[in-house]
Amino acid sequence: MLRYGLTPPPRGTGRAPSWLRTPAPRHRPGLRLLYFPHEGGSAEFFDPWLNHLPDTAELTAVQYPGRGDRAHEPVPGQVDDLARPVAEALAGRGGARLVLFGHGMGAAVAFETARLLTEHHDPGPEALFVSSHPAPTDISTDVRIHEGHHDDPVARLRHLTSEGPGGGPAPAARAGRSA
């Protein structure tokens, strides 16, 4: 289970949260692209993608507690607490094929949501795309480098950016290029 150093905002009004936002609903879409924003991002972050999708694709976003119109709600500190309600909200939506895209922390939430949907609902997502986050098998459960868990944070960051899978230098580092 991944933990992030999220700081909860003040408690809200207690009204039922809505996790999904669809800025331009489509009539019977063939594909629903569900995106998960980065930590600190809101559902509107990827709205410019609407201009690049065909009319048969519907863009839906996750709105995290503590962000956008849910700013008054407390922020969960675990990825599971973000993914579970999203999976539950998606379980009742049928028809369109589902593709998940997560960016940064949203990649971890999308991965966990895909796992929950695949285990508990039929069918699960057709595809999962992620960016700016390591694979779940390649990360520690403690990702709070900024809290001083290392003697030399600069050396640790250099190590993280120059080491590839298996401990060797990353391909860009071997080629003498920056990634």
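## Close-up views of a predicted model

**View 1. Valine 109 and its contacts.** Residues are numbered from 1 along each chain as its sequence is written, and side-chain values use heavy atoms, with hydrogens and water left out.

**View 2. The largest nonpolar core.** This core has 21 residues, and Leu34, Phe36, Val62, Val86 and Val109 have the most contacts inside it. A nonpolar core is a set of buried Ala, Val, Leu, Ile, Met, Phe, Trp, Tyr and Cys residues joined through side-chain atoms within 4.5 Å; buried means under 20% relative accessible area, exposed over 50%, and partly exposed in between (1.4 Å probe, protein chains only). Strand 2, helix 1 (79–91), strand 4 and helix 2 each give two or more residues to this core. Helix 2 gives the most, with 7 residues. Apart from this core lies another, of 8 residues, including Tyr35, Ala43, Leu59 and Ala61.

**View 3. Where helix 1 meets helix 2.** Helices (H or I, at least four residues) and strands (E, at least two) are DSSP runs, numbered from the N terminus. The axes of helix 1 and helix 2 come within 8 Å and cross at roughly 50 degrees. Axes are lines fitted to C-alpha atoms, for helices over the stretch in contact, and angles run from 0 to 180 degrees between N-to-C directions. The two helices are therefore oblique to each other: under 35 degrees counts as roughly parallel, over 145 as roughly antiparallel, 65 to 115 as roughly perpendicular and the rest as oblique. Among the residues that meet here are Val79, Leu82 and Val86 in helix 1, and Met105, Val109 and Leu116 in helix 2.

**View 4. Strand 2 within the sheet.** An open sheet is formed by 5 strands in the order 1-3-2-4-5, with mixed pairing (two strands pair if DSSP finds at least two bridges between them). Strand 2 (residues 31–36) pairs with strand 3 (residues 57–62) in the parallel sense over 5 bridges, and arginine 32 stands opposite glutamate 58 in strand 3. Strand 2 and strand 4 also run parallel, joined by 6 bridges, and here leucine 34 stands opposite leucine 100. Strand 2 is mostly covered, with 5 of its 6 residues buried.

Notes. This is a predicted model: local features need pLDDT of at least 70, side-chain atom pairs count only at pLDDT 80 or more; totals for chains, interfaces and linings use all residues. Contact means heavy atoms within 4.5 Å.
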